[in-house]
Amino acid sequence: QNDNNLDHKKSLSKNLKTTSISNSMQLSLKDWDIILKAAKISRFAAGEAVFNEGERFQRIYQITRGMCFVEKGINKSRIAILNLDDVFGDISFMTESAATASVIAGPEGVDVQIIEGYFLRIVFEQFPSLGARFYHFLGKLLSTRLLNTEKKKFGLISN
């Protein structure tokens, strides 16, 4: 599991380096080491809900194996697919509100790292600059997701 965590930290760190943010605001491998220290891995069977629309929680999730579908509304319209290393739960975490959609394990099931909000608050009290970098990471994640959604809506990229 430690090798798996290192791969995911490298992937997250690499993804950040492709953005235009300054080096001082990037999360380092050491930062991810601290953040993921108390993460737990949970396994969900195919079709099982990681969480449901309307559910309240304070967690950040990251896929370590498999994929998930993001579904919304009574008709369970599929609005997105989440893949290996994708982070989710960020909107509920940042806004302290209910989940805006359901996340459902894909056909092969899914493993996710779960980082509890209470743990992050404790860590950020001890390392305030880490908190600033983490929230910057989440802001960039949300911004990228919003831009991609707009591009899809206006036909600039394919679904």
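D85 is buried, with a relative accessible area of 16%. In this predicted model, that value falls under the 20% limit for a buried residue. D85 belongs to the loop that runs between β4 (77-82) and β5 (87-88). Its backbone also deserves a look: the phi angle of D85 is positive, at about 80°, although the residue is not a glycine.

A positive phi also turns up at E96, another residue other than glycine, where the angle is near 55°. E96 sits in the loop between α3 (90-95) and β6 (102-116). Is E96 buried or exposed? With a relative accessibility of 59%, E96 counts as exposed, because the limit for that label is over 50%. D85, by contrast, is buried.

Helix α3 itself contains S92, and this serine is buried, with a relative accessible area of 3%. Which residues does S92 touch, once those up to four places away in sequence are set aside? The partners are F57, Q58, S97, A98, A99 and T100.

The next topic is the interior. In soluble globular proteins, nonpolar side chains tend to be buried together. Here, the largest nonpolar core is made of 18 residues, and those with the most contacts inside it are I35, I60, I115, L120 and F134. Two or more residues of this core come from each of the helices α2 (29-36), α4 (117-126) and α5 (128-153).

Leaving out neighbours within four places in sequence, I60 is in contact with I115, L120 and F134, among others. Its contacts also include V87, F88, G89 and D90, as well as F93, Q113, I114 and L138.

The model has one cavity of 30 Å³ or more, and the volume of the largest cavity is about 50 Å³. Ten residues line the largest cavity, and the closest to its centre are W32, I60, Q62, V87 and I115. Elements giving two or more residues to this lining are α2, β3 (59-72) and α5, with β3 giving the most, three residues.

Technical notes. Residues are numbered from 1 along each chain as its sequence is written. This is a predicted model: local features need pLDDT of at least 70, side-chain atom pairs count only at pLDDT 80 or more; totals for chains, interfaces and linings use all residues. Side-chain values use heavy atoms; hydrogens and water are left out. A nonpolar core is a set of buried Ala, Val, Leu, Ile, Met, Phe, Trp, Tyr and Cys residues joined through side-chain atoms within 4.5 Å. Buried means under 20% relative accessible area, exposed over 50%, partly exposed in between (1.4 Å probe, protein chains only). Helices (H or I, at least four residues) and strands (E, at least two) are DSSP runs, numbered from the N terminus. Contact means heavy atoms within 4.5 Å. On a 1 Å grid over the protein atoms alone, a cavity is a set of points where a 1.4 Å probe fits but cannot get out, and a pocket is an open set with protein on both sides within 12 Å along at least five of seven lines; lining residues have an atom within 4 Å of a point. Grid points are joined across faces, edges and corners, and a volume is the space filled by probe spheres set on the points.
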